[in-house]
Amino acid sequence: MLRTHGPGSRPASHGRYALIGQPETLVILERMESAPFLLRGQLEKELETVFLDDLEFVRGQRIRLSR
């Protein structure tokens, strides 16, 4: 993920994938695995959903949580 979408990568140069490369991403990825709907509900209150959508895309989320 870091190599293909992290800081310095071509996709990141367009301003996308801001969460990749951040330390909190490890916690977010763990929550995506164990409590995905709770994570989505909580982060929608705090962040623009595009950040979580991008992280789900890069990770290859089995269940899309976006609407």
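**Helix packing and the nonpolar core**

The structure is a predicted model, in which local features need pLDDT of at least 70 and side-chain atom pairs count only at pLDDT 80 or more, while totals for chains, interfaces and linings use all residues. Residues are numbered from 1 along each chain as its sequence is written, and side-chain values use heavy atoms, with hydrogens and water left out.

The chain contains five helices and zero strands, these elements being DSSP runs numbered from the N terminus (H or I, at least four residues, for helices; E, at least two, for strands), and its pattern along the sequence reads α-α-α-α-α. Of its 67 residues, 33% count as buried. Among contacts (heavy atoms within 4.5 Å) between residues at least 6 apart in sequence, 49% join residues at least 24 apart.

Ile20 is placed in the loop between H2 and H3. When residues up to four places away in sequence are not counted, Ile20 touches Met1, Leu2, His5, Gly6, Pro7, Thr25, Leu55 and Val58. Between Ile20 and Leu2, which are separated by 18 residues in sequence, the C-alpha to C-alpha distance is 6.5 Å.

Ile20 also belongs to the largest nonpolar core, whose eleven residues are Tyr17, Leu19, Ile20, Ile28, Leu29, Met32, Leu39, Leu43, Leu52, Leu55 and Val58; such a core is a set of buried Ala, Val, Leu, Ile, Met, Phe, Trp, Tyr and Cys residues joined through side-chain atoms within 4.5 Å. At least two residues of this core come from each of helix H3 (25–34), helix H4 (36–46) and helix H5 (49–59). Another member of the core, Tyr17, is in contact with His5, Pro11, Ala12, Asp54, Phe57 and Val58, leaving aside its neighbours within four places in sequence.

In H5, the buried residues are Leu52, Asp54, Leu55, Glu56 and Val58, and their covering includes H1, H3 and H4. The axes of H3 and H5 (lines fitted to C-alpha atoms over the stretch in contact, with angles from 0 to 180 degrees between N-to-C directions) lie 12 Å apart, and the two helices pack at an angle of about 75°. H3 is therefore roughly perpendicular to H5 (65 to 115 degrees, where under 35 is roughly parallel, over 145 roughly antiparallel and the rest oblique). Here Thr25, Ile28, Leu29, Met32 and Glu33 of H3 meet Leu52, Leu55, Glu56 and Arg59 of H5. This contact comprises five nonpolar, one polar and three charged residues (Ala, Val, Leu, Ile, Met, Phe, Trp, Tyr, Cys and Pro being nonpolar, Asp, Glu, Lys and Arg charged, and the others, Gly among them, polar).

For H4 and H5, the axes come within 9 Å and cross at roughly 145°. Leu39, Arg40, Leu43 and Glu44 of H4 meet Thr49, Leu52, Asp53 and Glu56 of H5, a contact with three nonpolar, one polar and four charged residues. Just after H5, Gly60 adopts a positive phi of about 80°.

Ser9, in the loop between helix H1 (2–5) and helix H2 (10–13), is likewise counted as buried, its relative accessibility being 9%. Apart from its neighbours within four places in sequence, Ser9 is in contact with Arg3 and Thr4.

Key. Buried < 20%, exposed > 50% of the residue type's maximum accessible area, 1.4 Å probe, protein only.
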